[in-house]
Each structure stands twice: as structure tokens, then as C-alpha cells.
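Colleague: I have some questions about the terms used for this model. Please set each value against its definition.

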Amino acid sequence: MTLTRHPKKRRKDADDESMRSQRQATFNEIDHRLRELEALTNVGHWVWFPLTNEVYWSEETFRIFGRDPSSFHPDHQCFDAAILPDDRAAFFAESERSLRERDDMRIAHRIVRPDGTIRQVLALAVIARNGDGKVVQVRGTLQDITEQQEMQQTLRAQQQALERRASERTSEIECLNQIAMTMFRQLPLSERAPAVLKTIVDGTGADLAALFVRDAGAMCFVASSTRDGLRAPSPTDCQTLRKCLCALAAKGERIYATDLATDLRRDCRHCLDAGMRSIAALPLSVDDSVLAVLCLGARTPVDFPARDSFFSLLTRNLAMGVQNSLLYDGARRYAAELERQIEARRKAEQELLVQRAQALRADRLRSLGEMAAGIAHELNQPLGGIRALAEQTLIAMRRNWTVDPADLRQELQMIVEQADRMSHIINHVRLFARQAGKPELTPTDMNEVIEGSAGMVRAQFQSRGIAIAMELTSPVPAVSVNPFSMEEVFLNLLSNARDAIESLPGNGGTITMRSSTVTSGGRQWVCMEVGDCGPGIPSAVLDRIFDPFFTTKSPDRGTGLGLPIARSIVESFGGSIRVESPPAGGTLVTVLLPVSEGLKGNLP
């Protein structure tokens, strides 16, 4: 007997089968999308049934643990075993806290895959309990955050690097500013360098900074600065630094050694002995010329080349500062030397003034000596008259002659006149000795000076057969001079003219003295001339006659100071003196003195 279902029942079963197929398809679609989502987010899920110790892992959970779903059957113990030993204590403590406080569990930890790879994961778990409070299910997720952590670490490292670089940049800018402020102060390099090097040590992370400056072609140590705990370089260290680093850096090359313990290119044992591991030698150049070398050292390996751009700015600014300091030092040395020379010149001028005053006194005494014969003749004549008048009066008194009172009065008047004449001569000589060379200026008639000078020596010259002829223009405008100093000038010129005439064979000659008024350069001058008929002056000698101590006379006749002193006196009054000697013989000395604006009229 065959049983046949009712048609309605068959249709219902077909509908149920279709619904199951649709549900299964929907479930499969959801499961597929879930797996894709877990793969995209690196999040797997799992379920643990404590009562049966059954464990379910999703495909992504198997991948995170590095297990093959077809051959590995997970349980609770394998989950715990995969935790990195260093993280187990923290993981189990969090698990116990969650169970005790009936709270969800959240903990980041590391796991070890079978191939030894370590992954960073984030575990989340929710605990389900039954009515008796027993744990019947623990379900959760496991997210692989290794790449995320690595990215965060990279970002943190980059941020730290940026912050460090920003801090370095700030320090570098502050360092450059402080160096600029210090280096461009008006101070010697020896006083600026320590502060600058201290700024470099603080701003670059170096533990040592030393400065060497080129002097006479060699690099010479100037100063150094170190951090606390690092001994300062000894003279031997500085000498070795100069030899091994400065010699190369002085050629314009920046020298870096990041780790001296492994860098065998240079002999820098002294740097290691001083506690340094990294060094840098930086040339300071201006216009391709190396002025100095900056040496840096650090106790730990430092990547000095990484700061090459900063060192480029540092050396450029420092080079200008060093150049400024060297120029300042040179200016100070030059100023000191100039001051020393000025002081030496001042002392020499003072000595010269003393010597000139001594020479003036000596020449004046010589002039007085030459004047002595003439003065003796001038005094002898009135003395003879006084003696004759006095003897005549005594004879009359002895013989009781009757003397007419009028005659006696006349004779006594003659004695008084002759005594006045002698007094005048003596006073004139005394004033000449005292006043010549003094700066007092008075309005003076130069004709009187010329006649007075000639009068002092006329008798002496006449005794030697030499006449003094006068060709004076009268009157001449007054000039502002010291008349006794000008008498000294003319006495010297007369003395030279006498010596020139006496150097010729024969019996005497004539000296001519002239005066006149001339106009030159829009100004009025008194012109005075003294000419002789001697042999003249050779052209080779003429250029040197005003040189001090130059003379063609014998030592007993001249010192070579007469004409230099005469020119000095004339020029001190604003005048000039020149000497001419034509080939035919004879010498003409011309003295020009300016007529003062307020003295253009003649003296009364």
C-alpha cells in the first residue's frame, strides 16, 4: 500500500525548504561579509564555554594566532600559552579583576606565533553567567594592533624628532644671536672668545669648544670652554689638536669624526684621553681665506655631520666676528703703537726744544763773543773822552787854575753824555742777552734793528777792513716781531758775510744791508737784504745750508746752527728767508716779514 501526501502538505514542505535555503543563503552572506570585515579590521572573534571547555575561533582569530584552521583545534590553554611571558602577569591580573568585579575585560598584550613572530593585540571579553552565577560563556574579540602600534611609535618618534629638531633650531638661533651680540662688541678677541665658546657648548650639545686663530701663517690657540665634568684641554692637547685637525681644517675642509673609538683616520688619542668620542673641526673663512678653526668635542658619539647646515651658518657668522675682533685688535695695537710713537715724538720734541734753546743760548753767546771787540771799541771811545776831561779838571785843581764855571759845566755835561752812551751800549747788550728768543712781540721799525745790529759789530769789522754800507728805505712799515731776536738774525748774517769776505785773499770788502717794502700775494711785506762780496756758495752746498749742524767752516768758526736758527726765528714771525748765490760770486740773503694789518702805518 502506497501512502500519498496531501497536495497542500507537499506545497507547505516545499515552501519551508525554500525558506530554509533563503535563510541559509542569507546566513552565508552575513558570515562572508563578517569574515571580510574581520580581515579588513584585523579583528577576530572567539567564544569559550567554560563548562565544556569548548572554544570557537573565527578565521581572523586563527590568522592572528598564526594557526591553520584545518589542522589546529583551539582550546583555552592554547590561548593562554600564546601570551608573551613578560605580559602574562598583567593579563591574568586583568582576568581575575574582571571575574571578581563582574566587569568586561580589556587588555593590550603581546602574543607569540608558532614561527616566533611577536604581535601586539587588544583583547576584549564579555562574561555571561547563569542563574546560579556560574560563568557559562566568555565571548570576545581579538584585534591585531601591531601595525597600528608601529605606526603610532613611528609617529611618536617623528614627533619627538620634530620637537627635538625644533628645540635644536631654537637653540641654534639663540646661539647665533648670542654669538653675534658677543662677537661684535668692541672687545679684544681674547676677552670675547671664552663667552662665545661657552655659548657654542650650550647651543650645540658639544662638551668642548676650542678656538685657534691664524697668526703669522700658523694656527695659535686662543681659548676653550668645556662642560662640567670634562677637563679642559691641556697645552699638549691643544698642540695635538692644532696639528691633527687644524692642519686639515685650515685648508677649508670641515672635518667630522662621529666615533673616535672606531675612526682610525686620524690620531686623536688625546681626545679619547680627555673623555671625547666625537669631534668636529670647522674652518672660519672670509673671502676664501681661513682666519681661524673652531674645534668641537663630545663625550658620547654625536652625529655632527647631521648639523652641517647649522655649522655652515655658525662658521660664517663666527668668521665675520673673528675678522671684526682681529681688526679691532689690530686697531688697538696700532692705536697703542701710534700713542707710543706720539709720546716718543712729544719727548723728542721736548728734547729738541731744550736742545734748540741750548743752541740758541750757545749761538747768542757766540754772537756776544763776536760782538765783544766792537763793544770794547764802542766803550773805549767814550771812556777815553771821560778820562781826558777828568784828567784836565784834576790838573787845573792841582795847579789852582781859575776854571770858568761855564767851561766846567760844559765838561761835566760831556762826561755825563759819554757815561749815558756807555750805559746805553751796556743795557742794549744786556737786553739782547735776555730778550732774544722770547715770544713777546712788539711793533718794530726794522731799520732800527738793522742799524743796531750793524752798530754792534761795525768797529770790529772796520778793524778787519770790512765796511758795512746801508741802503735803507725810510720809512718802512712796522712789523710785529721781537726786535732782539731779529738782531740775533742779522748778527748771524753779518757774521757769515764777514767770514765769506775773509775767506778771500785781499784786504777786506763791503757788506751791504738794504730795506724796502714789497707787495706779494695781495699782502705787504718788509724786505731786508744782506749781501757780501765773498766767493759765493756752491750749488751743491746751497741746498743744505739750512740743515742743522751742516757747516763748511772749521769747528772753531761755526756750529752749523746759525742759519737754521735764523730761519726758525723768521718763520715764527710769519716771514721767510732765502739765500741766493750767483755763479759770479757773492751771496745775497733776503728776509721777508709781513706787515701786520693793524700796523700798516709807519711808527712815529
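Colleague: What angle do the axes of helix α12 and helix α14 make where they cross?

Modeller: Roughly 150°, and the axes of α12 (residues 483-502) and α14 (residues 562-572) come within 10 Å. Axes are lines fitted to C-alpha atoms, for helices over the stretch in contact, and angles run from 0 to 180 degrees between N-to-C directions. Helices (H or I, at least four residues) and strands (E, at least two) are DSSP runs, numbered from the N terminus. This is a predicted model: local features need pLDDT of at least 70, side-chain atom pairs count only at pLDDT 80 or more, and totals for chains, interfaces and linings use all residues. Residues are numbered from 1 along each chain as its sequence is written, and side-chain values use heavy atoms, with hydrogens and water left out.

Colleague: Which residues of α12 and α14 meet?

Modeller: S485, M486, E488, V489, N492, L493 and N496 in α12 meet G562, L563, I565, A566, I569 and V570 in α14. Contact means heavy atoms within 4.5 Å. The residues of this contact divide into eight nonpolar, four polar and one charged. Ala, Val, Leu, Ile, Met, Phe, Trp, Tyr, Cys and Pro count as nonpolar, Asp, Glu, Lys and Arg as charged, and the others, Gly among them, as polar.

Colleague: Why is E60 called buried?

Modeller: Its relative accessible area is 5%. Buried means under 20%, exposed over 50%, partly exposed in between (1.4 Å probe, protein chains only). E60 is therefore buried. E60 has its place in helix α2 (residues 59-65).

Colleague: And what makes S225 buried?

Modeller: A relative accessible area of 9%, so S225 is buried. S225 lies in strand β7 (residues 218-226). Leaving aside neighbours within four places in sequence, S225 is in contact with P194, L197, K198, V201, D207, L208 and A209.

Colleague: How do you know that β15 and β17 pair?

Modeller: Two strands pair if DSSP finds at least two bridges between them. Eight bridges join β15 (residues 523-532) to β17 (residues 587-594), and the two run antiparallel. V530 stands opposite V589 in β17.

Colleague: What is the strand order of the open sheet?

Modeller: β12-β14-β15-β17-β16, with mixed pairing. β12 (466-472) and β16 (576-580) are the edge strands, since each pairs on one side only. Neighbouring strands are turned by 20° against each other on average, direction ignored. Helix α11 (residues 446-463) packs on the sheet, touching β12, β14 (509-520), β15 and β17. The direction of α11 makes about 165° with that of β12.
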